[in-house]
Amino acid sequence: MVSFSAAWTAQAQAPARGANAAKLSLIQALVCEEVKEGIPANPAIAFSISVGKIYCYTLFDQISEDTVVYHHWYFRDKPSARIRLSLRHPRWSTFSSIQLREADKGPWRVEIIDAGGRLLKNLRFSVTD
């Protein structure tokens with residue numbers, strides 16, 4: 001089961017591919033066990049299935065206008081979730097999450113995509129026993 005969580009907005013949609021995509025700078029991107037009061041905790045590249053839930057946290061700066069970013073989750077190179085997240089001018093952090101099941105052991109990745117469809121970061125991690 002995949003669950004969607006976000007600091008502000010989380011909707012599954014395809015990226016808008018406009019020529020006027022807002023300029024922004026990705027300051028921090030990581031996968032972690034928890035986000036408490038907007039702060040990521042226990043980042044890693046391997047997570048035990050017993051954690052139950054993992055998060056993709058992103059922090060942006062130099063956002064010229066309100067825009068969106070996408071977290072595309074992949075399990076074994078197959079799409080698992082596409083989450084649309086809002087960003088606000090001038091600096092903003094946001095996150096998405098997945099609920100882990102026993103069948104989710106193996107390689108994962110999250111692609112962070114801007115509103116114009118540009119890949120900003122690719123985060124690889126594994127879920128293990």
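1. Ala81 is buried, at a relative accessible area of 5%. Buried here is under 20% relative accessible area, exposed is over 50%, and partly exposed is in between, using a 1.4 Å probe and protein chains only. Ala81 is found in strand β6; strands are DSSP runs of E with at least two residues, helices are runs of H or I with at least four, and both are numbered from the N terminus. From Ala81 to Ser97 it is 16 residues in sequence and 9.6 Å in space, C-alpha to C-alpha.

2. Before going on, some bookkeeping: this is a predicted model, where local features need pLDDT of at least 70 and side-chain atom pairs count only at pLDDT 80 or more, while totals for chains, interfaces and linings use all residues. Residues are numbered from 1 along each chain as its sequence is written, and side-chain values use heavy atoms, with hydrogens and water left out.

3. On the overall layout, the chain has 0 helices and 9 strands, so to speak in order from the N terminus: β-β-β-β-β-β-β-β-β. Of its 129 residues, 44% count as buried. Contact means heavy atoms within 4.5 Å; among contacts with a separation of 6 or more, 68% come from residues 24 or more positions apart. The chain exposes about 6700 Å², with carbon and sulfur atoms supplying 48% of that (Shrake-Rupley method, 1.4 Å probe; for residues, only the protein chains shown count as cover).

4. Now the sheet. Four strands make an open sheet in the order β2-β1-β4-β7, with antiparallel pairing; two strands pair if DSSP finds at least two bridges between them. The edge strands, each pairing on one side only, are β2 (39-43) and β7. Direction ignored, neighbouring strands of this sheet are turned by 40° against each other on average, with axes taken as lines fitted to C-alpha atoms (for helices over the stretch in contact) and angles running from 0 to 180 degrees between N-to-C directions.

5. β4 deserves a look in the viewer. 7 of its 9 residues are buried, which leaves the strand mostly covered. β4 runs antiparallel to β1, with 7 bridges joining the two, and Cys32 has Tyr55 in β4 as its bridge partner. Towards β7 there are 8 bridges, again antiparallel; Thr58 is partnered with Thr94, and Lys53 with Gln99.

6. The largest nonpolar core holds 25 residues, and Ile54, Trp73 and Phe125 have the most contacts inside it. Such a core is a set of buried Ala, Val, Leu, Ile, Met, Phe, Trp, Tyr and Cys residues joined through side-chain atoms within 4.5 Å. At least two residues of this core come from each of β1 (25-36), β4 (53-61), β5 (67-75), β6 (78-87), β7 (92-99), β8 (106-114) and β9 (119-128). β6 gives the largest share, 4 residues. A second, separate core has 7 residues, including Leu30, Tyr55, Leu59 and Phe95.

7. Last, which backbone nitrogen does the side chain of Asp104 reach? That of Arg101, at 2.8 Å. Asp104 lies in the loop between β7 and β8 and is buried, with a relative accessible area of 3%. Leaving aside neighbours within four places in sequence, Asp104 is in contact with Phe75, Gln99 and Val127.

Key
A polar contact is a pair of N or O atoms within 3.5 Å; within protein, one must be able to donate a hydrogen and the other to accept it, and residues adjacent in sequence count only if both atoms are side-chain atoms.
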